[in-house]
Amino acid sequence: MALPELAIRARGLTRRFGAVTAVDGVDLDVPRAQVYGFLGPNGSGKSTTIRMLCGLLTPSGGDIEVLGLRIPAQSEALKRRIGYMTQKFSLYEDLTVGENLEFLAAVHDVPRAATRTRIAELMDTYRLGELRAQLAGTLSGGQKQRLALAGAVLHRPELLFLDEPTSAVDPQSRREFWESLFALADAGTTLLVSTHYMDEAERCHRLAILDRGRLVADGAPRRLCADLAYGVWLVQAEAARAAQQTLAGLPGVVALAQIGAELRVLAQRDVVDGDALGARLAAAGVTAQIERGTPNLEDVFVAATQRPARAAEAAA
Amino acid sequence: MSLRRLSSIVLKELRQLRRDRLTFAMIIGIPTMQLLLFGFAINLDVRHLDAAVLDQAGTARSRELVAQLGNAQVIHAAYRARTPADVADLLRAGKVSAAVVVPPDFEARLERGDRAPLQIVVDGSDQVVQQAARQLAAFPLQSLKNPDARAAPGVEIVNFYNPERRAPVNTVPGLIGVILTMTMVLFTAMALVRERERGNMEMLIATPVSPWELTLGKVLPFVAIGLVQVSVVLLLGRLIFAVPIRGHLVDVYAAALVFIVASLSLGVFLSTLARSQFQSMQLAFFTFLPQILLSGFMFPYAGMPRPAQWLAEILPLTHFIRLIRGIALRGAGLAELWPELAALGVFTAVLLGVSVARVHKRLD
């Protein structure tokens with residue numbers, strides 16, 4: 001049995017599609033009543049992992065326990081206790097907002113008597129009241145997303161899966177949406193949210209970074225930043241592009257990113273330091289000011305997703 | 001199986017259908033249009049074929065003969081040919097479908113009675129024209145020689161059930177089957193695939209809905225639609241073409257219901273093979289042709305080669321055509337036609353069994 005405070009426990013989770021391994025030996029521990037983030041580029045296996053955890057896709061290998069149930073064997077029992085918000089809007093565009101919610105209430109076996117009050121409550125929480133008679137297909141991106149969330153939590157699931165919920169939504173709606181997610185977590189719901197936005201990942205209680213089907217880092221976002229094995233230097237240079245080209249080949253430099261006039265350098269601390277960077281730039285005739293920076297989540301992400309590629313290049 | 005979940009799926013389907021104007025129009029439009037097309041256009045009792053006349057005898061009796069042939073209304077003497085080459089040209093150009101050739105020794109042949117005194121050349125590239133020409137071959141030439149002699153035919157044909165040989169009487173009952181085949185198979189196959197194509201399926205399979213509830217809920221509205229279509233065809237057939245229903249109306253509806261369920265299970269089965277609505281449409285059309293051609297609706301079953309007959313026995317429309325013609329035209333009861341019902345039952349059971357085995361509640 002899983003520890004009671006764990007909502008999801010997966011070991012060695014693997015899924016192959018033909019010759020392609022979409023998810024490769026992922027271990028996960030998702031605590032209850034938290035917002036757990038899945039961060040990764042497109043094609044990193046986020047959706048596939050979520051589908052396996054919901055019991056919609058059979059794993060090629062590994063063990064899954066969700067809410068104390070063995071998956072996929074007990075997925076039918078699990079389906080009554082989870083909500084799943086798909087990446088693409090999956091409610092009926094040719095039904096109205098109200099009809100969609102009534103339909104979902106019925107298929108989730110929400111008692112008839114409770115349906116009306118529950119829908120009224122959701123209409124209020126997610127500001128859908130005025131849209132009740134509108135066809136879902138005519139809603140804006142943010143409205144659709146609020147409707148999808150209302151639909152996913154209608155039967156008060158203990159665990160909510162959200163697959164890139166904010167990909168078609170403006171920044172204002174995204175902020176509101178995250179407020180809603182924290183409200184749900186406060187009420188005791190466990191949320192697993194996949195995203196490729198850094199600012200969203202930063203908001204999660206805990207985070208797993210996926211890259212090409214592998215789990216490359218996990219932990220609280222602050223912790224991940226603090227534990228980063230690389231150093232960050234900020235290079236202020238007149239000719240930032242020239243500085244970037246100069247430093248690109250330097251051994252120990254992991255990544256370079258230009259942010260405005262500034263160059264953000266991620267490098268192995270034991271190989272490179274600020275003086276080495278300065279010396280290299282001076283040798284190339286680039287005048288620059290160098291200072292230490294604090295690692296952020298983007299650095300963690302870049303470090304985690306680039307390391308295997310660099311290692312592979314070195315080995316080749 | 002939860003009745004609440006099932007009825008909510010039915011309700012959802014009906015709401016979606018109500019908003020889908022095109023499909024809604026097709027429910028009534030397809031049967032009406034087909035009934036009018038088939039009822040008016042399909043007429044195997046051909047009249048007024050354009051014909052050429054080559055009268056090489058040019059006698060009083062030959063002219064009388066040509067006039068009498070024209071009066072029978074089978075041919076319409078549109079062209080007068082001068083030479084046999086004219087006849088060949090007119091036929092090849094498609095200006096006439098038949099030609100009446102009266103040979104120069106017409107009078108002598110008629111008197112002697114040893115060789116046919118009259119030749120009718122037909123365009124054999126059209127089967128229906130060939131059949132029409134056979135009617136002309138039975139023309140009583142002897143009455144020209146002796147107007148008082150009324151030759152008694154050797155065989156008398158008694159036409160039960162359709163004495164006036166009106167084509168709609170034969171086509172309209174069968175048309176019910178053809179229309180149901182087209183709409184039921186196509187609508188269900190597309191409706192089930194649509195859910196997958198639009199991405200609703202991924203949301204649905206994460207809910208407690210079972211494959212049975214989903215399939216049944218989506219198919220039940222079409223049963224009602226099918227029965228509406230049956231009523232439309234029966235009613236219009238009665239009003240416009242005076243097609244009789246000699247058996248019990250209850251039997252007609254019972255047979256239609258069994259056939260609707262069989263067609264729906266074919267649609268459900270096709271939906272498990274197709275990945276998109278377009279594919280399901282292609283698959284549906286792929287099954288229409290053999291059903292319409294081999295079922296006996298267009299061509300007589302008895303005339304088909306053995307393998308075609310075996311194939312026809314598998315197709316649900318074959319059995320329904322026999323059922324509906326039996327009930328509507330011959331006044332037969334379901335009890336007499338039970339083998340056809342049994343065949344439809346087996347068809348339904350096999351296809352539904354295979355389909356449910358194929359509908360996984362998983363994405364893989």
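1. Helix 11 of chain B (residues 249-273) has 25 residues and spans 36 Å from first to last C-alpha, close to the 36 Å expected at 1.5 Å a residue; the expected span is 1.5 Å times one less than the number of residues. Helices are DSSP runs of H or I with at least four residues, numbered from the N terminus. Of the 25 residues, 18 are buried, and the helix is mostly covered (buried: 20 or more other C-beta atoms within 10 Å of a residue's own, C-beta atoms being placed from the backbone).

2. This is a predicted model, in which local features need pLDDT of at least 70 and side-chain atom pairs count only at pLDDT 80 or more, while totals for chains, interfaces and linings use all residues. Residues are numbered from 1 along each chain as its sequence is written, and chains are lettered from A and ligands numbered from 1 in the order in which they are written.

3. In chain A, the axes of helix 3 (residues 97-107) and helix 4 (residues 112-125) come within 11 Å and cross at roughly 130 degrees (axes are lines fitted to C-alpha atoms, for helices over the stretch in contact; angles run from 0 to 180 degrees between N-to-C directions).

4. Chain B has 20 residues in contact with 21 residues of chain A (C-beta atoms, placed from the backbone, within 7 Å). Helix 1 of chain B supplies the largest share of the chain B side, seven residues.

How values were computed
Helices (H or I, at least four residues) and strands (E, at least two) are DSSP runs, numbered from the N terminus. A residue is buried if 20 or more other C-beta atoms lie within 10 Å of its own, exposed if 12 or fewer, and partly exposed in between; C-beta atoms are placed from the backbone. Two residues are in contact if their C-beta atoms, placed from the backbone, lie within 7 Å.
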